[in-house]
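Good morning, and thank you for making time for this item.

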Amino acid sequence: MHKKIKLISKRNNVFRIVENDSTYILKKFKNQENYIKEIEILNVLKNAGVNVPSIIKSDENCIYLEDLGSVTLLDWYEEQEKQNKLDINMVYNLCRWLKVFYREVLELHKEQVILTDVNFRNFIINDNEIYGIDFEQVCEGIILEDVGKFSAYALTYEPVMTEWKINFRNKFIDIMSKELNIDKEKIILEEKKELLAMERRRGILFKDF
């Protein structure tokens, strides 16, 4: 049996391929530079022991990747809110993953590189561990920018700005500021920048809280 299931991706064509009793992910890049960047970073992170999918093979702007399952960080986040609970250990898992990622890409590029695209769908939860799966948008920047965006994204998934999301955001900022040694007020300023950018992109206004 061979089955191709299209997965959500704004920039590329991504599929889950089912062959008999095994599955893998096929990622077809529209931009060769992004394809090369993704392979480079995946290999560096994998060799450093960072949680990322293994590359099975790559050719002609396509990467064939280990299938880590379909539970994204966004799935976990939405389910936590539905059940009105918060497994704070997962936030610490995310923080640990980020710390190792930033360390390894700094070693590779000799300058600080950040994710830039921190959509919660870009992280898979497998066996209660977090894996990063999308690196084509990484670029030079400061860690604070990523953390502020994470916080803004957390507030604005539908339904936006709920009491639960605001509580999550407060705990998230507290943990990230301590674990990544970043000033809490600076995170909030970056969060506000991203919220303003989202308002312009979406043509809506978010309430103050």
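Predicted model: local features only at pLDDT ≥ 70, side-chain atom pairs only at ≥ 80, totals over all residues.

**A contact between two helices**

In α1, residues E40, V44 and L45 meet F101, E104, L108 and H109 of α3, where contact means heavy atoms within 4.5 Å. By class, this contact of α1 with α3 comprises four nonpolar residues, one polar and two charged. For that division, Ala, Val, Leu, Ile, Met, Phe, Trp, Tyr, Cys and Pro count as nonpolar, Asp, Glu, Lys and Arg as charged, and the others, Gly among them, as polar.

Residues are numbered from 1 along each chain as its sequence is written, and side-chain values use heavy atoms, with hydrogens and water left out.

How do the two helices cross? The axes of α1 (residues 32-47) and α3 (residues 88-109) come within 10 Å and cross at roughly 115 degrees. Axes here are lines fitted to C-alpha atoms, for helices over the stretch in contact, and angles run from 0 to 180 degrees between N-to-C directions. The crossing of α1 and α3 is right-handed, a term used if the near helix is turned clockwise from the far one by less than a right angle, with anticlockwise giving left-handed. Helices (H or I, at least four residues) and strands (E, at least two) are DSSP runs, numbered from the N terminus.

I turn now to the sheet. Five strands form an open sheet in the order β1-β2-β3-β5-β4, with antiparallel pairing; two strands pair if DSSP finds at least two bridges between them. At the edges stand β1 (2-7) and β4 (55-59), each of which pairs on one side only. On average, neighbouring strands of this sheet are turned by 20 degrees against each other, direction ignored. Strands β3 (residues 22-28) and β5 (residues 62-66) pair in the antiparallel sense over five bridges, and L26 stands opposite Y64 in β5.

Some backbone details deserve attention. Which bond is cis? The peptide bond joining E158 and P159 is cis, with omega about -10 degrees, and P159 is found in the loop between α4 (143-156) and α5 (163-179). T116, although not a glycine, has a positive phi of about 75 degrees; its place is the loop between β6 (113-114) and β7 (123-126). N181 is not a glycine either, and has a positive phi of about 55 degrees. N181 is found in the loop between α5 and α6 (184-202).

Is N181 buried or exposed? N181 is exposed, because its relative accessible area is 72%; buried means under 20%, exposed over 50%, and partly exposed in between, with a 1.4 Å probe and protein chains only. K178, in helix α5, likewise counts as exposed, at 60% relative accessibility.

Finally, the whole chain. Its secondary structure comes to six helices and nine strands. Buried residues make up 48% of the 209 residues. The C-alpha trace spans about 50 × 40 × 35 Å along its principal axes. The radius of gyration of the chain is 17 Å, which agrees with the value near 17 Å for a compact globule of 209 residues; the radius is taken over C-alpha atoms, and the globule rule is 2.2 Å times the number of residues to the power 0.38.
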